[in-house]
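Below are some notes on this model for your reading.

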Amino acid sequence: MQEETLSPPKPPEQRDRVVIRFAGDSGDGMQLAGTRFTETSAAFGNDLATFPSFPAEIRAPQGTLAGVSSFQVHIADWDILTHGDEADVLVAMNPAALKANLRDVVPGGLILANEDAFDDRNLEKAGYESNPLTDNSLRGYHVMTAPMEKLTKLAVADTGVKGRSVLRSKNFFALGLISWMFNRPTESILEWVDQKFGADNPVGRANIEAFRAGFNFGNTTEEFHHTYEIAPAKLPEGTYTNITGNQALAWGLLAAAKAAGLTLFLGSYPITPATSILEEVSRLKHFGVKTFQAEDEIAGVGVSLGAAFAGHLAVTTTSGPGVALKSETLSLALATELPLILVDVQRAGPSTGLPTKVEQSDLMMALFGRHGEAPLPVIAASSPSDAFEVAMEAARLALKYMTPVILLSDGYLANGAEPWRVPDLDAIPKWDIAHTTEPNGPDGEFFPYLRDEETGARPWAIPGTPGLEHRVGGLEKAALTGNVSYDPDNHEMMTEARAAKIAGIANDIPEVEVHGSKDADVLVVSWGSTFGGVRAGVNNANNTGYSAAHVHVRYLNPLPRNLGDILRRYDKILVPELNRGQLAYVLRAEYLVPAITLSKVQGAPFMSAEITKKIIELAEDKS
Amino acid sequence: MTTETRYKRADFQSNQEVKWCPGCGDYTILASVQSFLAELDVDREKHVFVSGIGCASRFPYYVNTFGMHSIHGRAPAIATGVALANPELTVWVITGDGDGLSIGGNHLIHALRRNVNLKILLFNNQIYGLTKGQYSPTSEVGKKTKTSPLGSIDWPFNPVSLALGTEATFVARTIDMDRPHTTEMLRAAYSHKGTAFIEIYQNCNVFNDKAFQLLTGRQERDHNRIYLEAGKPIVFGPDDEMGVTVGIDGAKIVKVADVGLDAIAIHDPAKPNPGVAFLLSRLSHGPTGPTPIGVFRQVERETYGERMMGQIETAKERNSSNSIADLVKQHGTWTVE
């Protein structure tokens, strides 16, 4: 930093929180700028939550609304629940980014625009008839502009980057300016660039020069008279890391394999937004994990089932369309009663739908989307860091009960980040999991379908074990021997035994806890990634004189054993879901309660205000 | 060739009643495989049979080893998982022309190209048996079945050509009725490191009887079986009077007397390029004439499993930490006090 050019610092204004959204073309590097801002804020000690949003196309046409990519980060000096309903600051790298994101900016919020991109051509592409930066249409906001492209060009002139590469660094100019404005420590960003590109790499040097230019521009330009400071959050003591849902899932699966003393095997096929789990696990080979990129979704689950048969902790990761393809193999896993984890990182459907956007619309498929009577455990992660625990829990259930398990995550958790207070990962207790090595019948006979009295699970005797040779398969099996049986009574008995095994898991999972009053006017029931927004919405309602309680359901099948009693205590049950009411449907069917759906299928998470508004509407309706 | 081992064929017979139709070619193949397993001095529990769906795929239920009767077409994928999980196992895939080439064609070609350590036995009877007689992807054009009353209009696969097209490292063909040859092929496949593919012509005496009559009929077989033997000229016929030449325009059947023995191709399954083997596989399509049986191709290539374990070992050498806490630390942490 060229200290001599800096004017004396002005005292920053203290804020307890701020929501910043970086928005630009999908090639503008907004995800990178947002991630770097997030990491430096995390290291600074803020609590945070992020919401990346990007188009399905890698490079949609430049300057168009369809090509806008954004990254929202909420930083605070307190323990926050959401990525923020509305942005306090919008960084708009072009007119399309402004247009696509303006509706999410808080009234009076700050718009920081790259004025160089607001030329006639870009304005027209975004559908503006006149320049919003100058036509007074943004009078409800605080607008600041910077010639980001011109200044980036000047800043990188001596770094050796040429041609079109010159403007690639403009995201670092924006990042520098925002970092100055919010008093971020800059060292970690500069170090990251050095590590990523190498200290002498022209692109790395260009990024650093652009970052400095942005930082200094804020400091020396009269217009930017104001800086803000968000103090570190008073989070519980401990070691923290910033983690996305997919990363947490990968690590959770690894932790489960270690706890179980098994090799982790991941067979998958790339699909948005699940791919980065396969990528993350693929770089963990030094833990002895095996990854297999299959020829298709069906093979992905197929190799995993084979690995499960042979004794590994087997996992397949996918999203909705892949679940449909894997459904037949899930039923085989269920019939052969082998442990297998299917991770469904949900996205908006049906069909290809909105592949990069969040939705919770695979719940019904997870619960019921198989041929035959085929119940299996379904659990859902509620936050990026919760995905770690849920991954471990999915593995525990799969191994203990010898069953496939579906773990539901979604695109919001997959890419969203938050600080995670890291538990003592090397002190995770070992699980009591062992492959069967001895015959379990009289006279040295082996009964592959002799069930454990407590869990209903069958033994896991893996190929290579002497004396335990046996055959499994999709045809109905006789109890005990596992031999093919077409006996009608046996089929009914086996169907019931498989169902009872899964239903019995209800006694092995925690009861749900109610947040809020027993006498609240409205009980809000949520599942999955909506936890933060719903909890914040419930808190807001309670803080404004209404009375609401909240139950968040992690286990979707079997449902927690106390859930029915809790639901029946309340007159009004609100179930907000990023689908058309799938959990509500299940609750009505299961408990005969009048659950009311709050549905949202816009490819975006709930805002807490949407939850609060609906709670108030229900509370005030005394009919 | 049988050797004394601790096993007898009966040790590989399960206690389940075999339920194929009387006279089915599958019985012969089952007997050949069980006898071959007994001949090997390999622990019974080290064998795993994985099958899909179809008549052939009931096979694992009848072999007293580990086994899985899985999903239509998916056996190569599931078997791949078994083989990668435990390299000490011998993993056999039992499939048919419908299972392996129709619904499971994708998994088959990918297993073949990857060279996973699998022994794939494809029972080709050129018909759907379990669903009672519909044309299959190897049925000849014009075949009249219940779903092709006017004759099939599907151009069929030649399974050996297909396998060679994937650059599989071991490709062979045999005939159910010829037990010594079947055993020889099983032995070669077993000894091969990587994916071994054997097409077995198998008679379905109920829905497609005598489909391989040219190769099995007492009158016809000597004139139509072309035994491929490494290092030997490719000749056939009762008095080896016929032979095969290979040139730029393909493999051709000739009278040895017309061209001289020197012009007859010498079989070399170890050629790195699968081209000549492919030309040989084109000699017949069906079979509707003289047909090569034996090992078309056998080349050495590292297996997928060896490469996978090699990468794991390399990764462990580069990073010896087995601590998830270290992993998180590398990711970047901060402390709140």
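1. Two strands are taken as paired when DSSP finds at least two bridges between them. On that basis, in this predicted model, strand E5 (residues 170-175) of chain B and strand E6 (residues 196-201) of chain B pair in the parallel sense, over 6 bridges. Within this pair, Phe170(B) stands opposite Ala196(B) of E6(B).

2. Helix H6 (residues 179-191) of chain B packs on the sheet. H6(B) touches strand E3 (90-96), strand E4 (118-124), E5, E6 and strand E11 (291-298) of chain B, and its direction makes about 165 degrees with that of E5(B).

3. The sheet is open, has 9 strands and shows mixed pairing; its order is E17(A)-E2(B)-E1(B)-E3(B)-E4(B)-E6(B)-E5(B)-E11(B)-E7(B). E17 of chain A and strand E7 (225-228) of chain B are at the edges with a single partner strand each, so one side of each has no neighbour in the sheet. From one strand to the next, the twist averages 20 degrees.

4. Which strand of chain B pairs with E17(A)? The partner is strand E2 (residues 66-69) of chain B, in the parallel sense and over 3 bridges. Here Gly473(A) stands opposite His69(B) in E2(B).

5. The contact between the chains involves 57 residues of chain A and 50 residues of chain B. Elements giving two or more residues to the chain A side include helix H1 (30-44), helix H8 (245-260), helix H11 (320-336) and strand E17 (471-473). H10(A) gives the most, with 9 residues. By type, the chain A side divides into 27 nonpolar, 20 polar and 10 charged residues.

6. The largest nonpolar core has 213 residues, and Leu253(A), Leu254(A), Ala391(A), Ala395(A) and Val82(B) have the most contacts inside it. Helix H13 (residues 386-401) of chain A gives the most to this core, with 11 residues. Leaving out residues up to four places away in sequence, Ala391(A) touches Leu249(A), Gly252(A), Leu253(A), Ala256(A) and Leu407(A). Another core, of 67 residues, lies apart from the largest one; among its residues are Ala87(A), Ala113(A), Ala117(A) and Ala210(A).

7. In helix H18 (residues 582-591) of chain A, the buried residues are Gln582(A), Leu583(A), Ala584(A), Val586(A) and Leu587(A). These buried residues pack against helix H12 (363-368), strand E18 (522-527), helix H17 (563-568), strand E21 (572-577) and strand E22 (595-599) of chain A. Leu592(A) follows H18(A) and has a positive phi, near 55 degrees.

Conventions: Residues numbered from 1 in each chain as written. Chains lettered and ligands numbered in written order. Predicted model: local features only at pLDDT ≥ 70, side-chain atom pairs only at ≥ 80, totals over all residues. Contact = placed C-beta atoms within 7 Å. Helix = DSSP H or I, 4+ residues; strand = E, 2+ residues; numbered from the N terminus. Nonpolar A, V, L, I, M, F, W, Y, C, P; charged D, E, K, R; others polar. Core = buried A, V, L, I, M, F, W, Y, C linked by C-beta atoms within 7 Å. Buried ≥ 20, exposed ≤ 12 C-beta atoms within 10 Å, placed from the backbone. Axes fitted to C-alpha atoms, helices over the stretch in contact; angles between N-to-C directions.
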